[in-house]
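Hi,

Here is the structure I said I would pass on. Please open it first, then read my notes below.

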Amino acid sequence: MHSPPLPPRPRARLLITGLVCSSLSLVLLVLVAVRWSPLMSLDTTVAESLHRDAVTEPGLVHVNRVLTDWVWDPWTMRVLTAVVVIALWWRGSRLLAGWVAATSLLATLVQQGLKAAVGRERPRWLDPVDSAHYAAFPSGHVMTAVVTCGLLMWLLRLHGAQQALWWGALVLAVISVAGVAFTRVYLGVHWLSDVVGGVLLGGAVVALSAAVYAQRTRWPAGTGESPL
């Protein structure tokens with residue numbers, strides 16, 4: 001028994017979503033690269049405002065560090081993806097398992113490649129409350145969370161999850177993405193545009209990957225797999 005193909009309209013929505021996110025992320029990338037003054041000003045204003053609060057709230061800083069370093073850490077997200085991939089493979093959905101793994105890997109490569117290409121410096125503080133290394137744009141924490149949550153939401157939809165489960169997972173996904181985005185800026189290790197870039201790029205990767213996978217019914221026979 002094969003996974004049900006998505007009807008034309010959802011496939012089109014995935015493609016449109018992917019293209020819109022890609023276009024917006026490209027615009028943001030250019031603005032960051034050329035250091036567009038209004039964007040730099042906004043980034044600085046938001047970062048300074050949150051940092052002033054952070055240095056006076058050590059307890060809240062600790063909570064944010066636990067969330068960003070453990071709950072929403074990229075490696076936590078990758079382990080979650082690996083568990084899902086293994087479960088799919090074990091249940092016989094080997095094409096889908098490989099597709100999810102490849103999408104996650106592609107997102108990591110895109111993220112690291114853009115960090116190296118843009119080379120944006122992270123915020124610098126005389127009194128930092130946290131530290132991070134390598135380039136700032138895009139936020140790896142945020143992009144990884146978006147890709148992981150996006151893939152999981154796609155899998156639930158693909159296999160006909162009950163509405164209660166799907167909406168519950170969506171709320172958890174939104175909280176996770178918004179939460180990790182906030183922690184990165186609050187802790188002073190990313191600019192606002194870094195986390196926005198992570199959201200857009202992660203959304204683009206997931207949507208385009210899902211749109212391409214939805215065309216599998218046109219592929220040669222024998223490429224399907226059983227559902228969960």
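**Helix packing around H6 and H7**

The axes of H6 and H7 cross at roughly 175° and come within 9 Å. This is a predicted model. An angle over 145 degrees counts as roughly antiparallel, and H6 and H7 are therefore roughly antiparallel to each other. On the H6 side, the contact includes His-141, Val-142, Cys-149 and Arg-157. H7 contributes residues including Gln-163, Trp-166, Ala-173 and Arg-184. By class, the contact of H6 with H7 has 14 nonpolar, three polar and two charged residues.

Now H7 itself, residues 163-186. Its 24 residues should span 34 Å at 1.5 Å a residue, and the end C-alpha atoms are 34 Å apart, which agrees. Buried residues of H7 include Trp-166, Ala-169, Gly-179, Thr-183 and Tyr-186. What covers them? Helices H2 (37-54), H3 (58-71), H6 and H8 (192-213) are among the cover. Just after H7, Gly-188 has a positive phi of about 75°.

H6 (residues 140-158) also packs against H5 (residues 94-118). Their axes are 10 Å apart, at an angle of about 160°. H5 and H6 are therefore roughly antiparallel to each other. Their crossing is right-handed. From H5, the residues that meet H6 include Leu-96, Trp-99, Ala-107 and Lys-115. Among their partners in H6 are Gly-140, Met-143, Leu-151 and Trp-154. The contact of H5 with H6 divides into 11 nonpolar, five polar and one charged residues.

Best wishes

Key: Residues are numbered from 1 along each chain as its sequence is written. This is a predicted model: local features need pLDDT of at least 70, side-chain atom pairs count only at pLDDT 80 or more; totals for chains, interfaces and linings use all residues. Side-chain values use heavy atoms; hydrogens and water are left out. Axes are lines fitted to C-alpha atoms, for helices over the stretch in contact, and angles run from 0 to 180 degrees between N-to-C directions. Helices (H or I, at least four residues) and strands (E, at least two) are DSSP runs, numbered from the N terminus. Angles under 35 degrees count as roughly parallel, over 145 as roughly antiparallel, 65 to 115 as roughly perpendicular and the rest as oblique. A crossing is left-handed if the near helix is turned anticlockwise from the far one by less than a right angle, and right-handed if clockwise. Contact means heavy atoms within 4.5 Å. Ala, Val, Leu, Ile, Met, Phe, Trp, Tyr, Cys and Pro count as nonpolar, Asp, Glu, Lys and Arg as charged, and the others, Gly among them, as polar. The expected span of a helix is 1.5 Å times one less than its number of residues. Buried means under 20% relative accessible area, exposed over 50%, partly exposed in between (1.4 Å probe, protein chains only).
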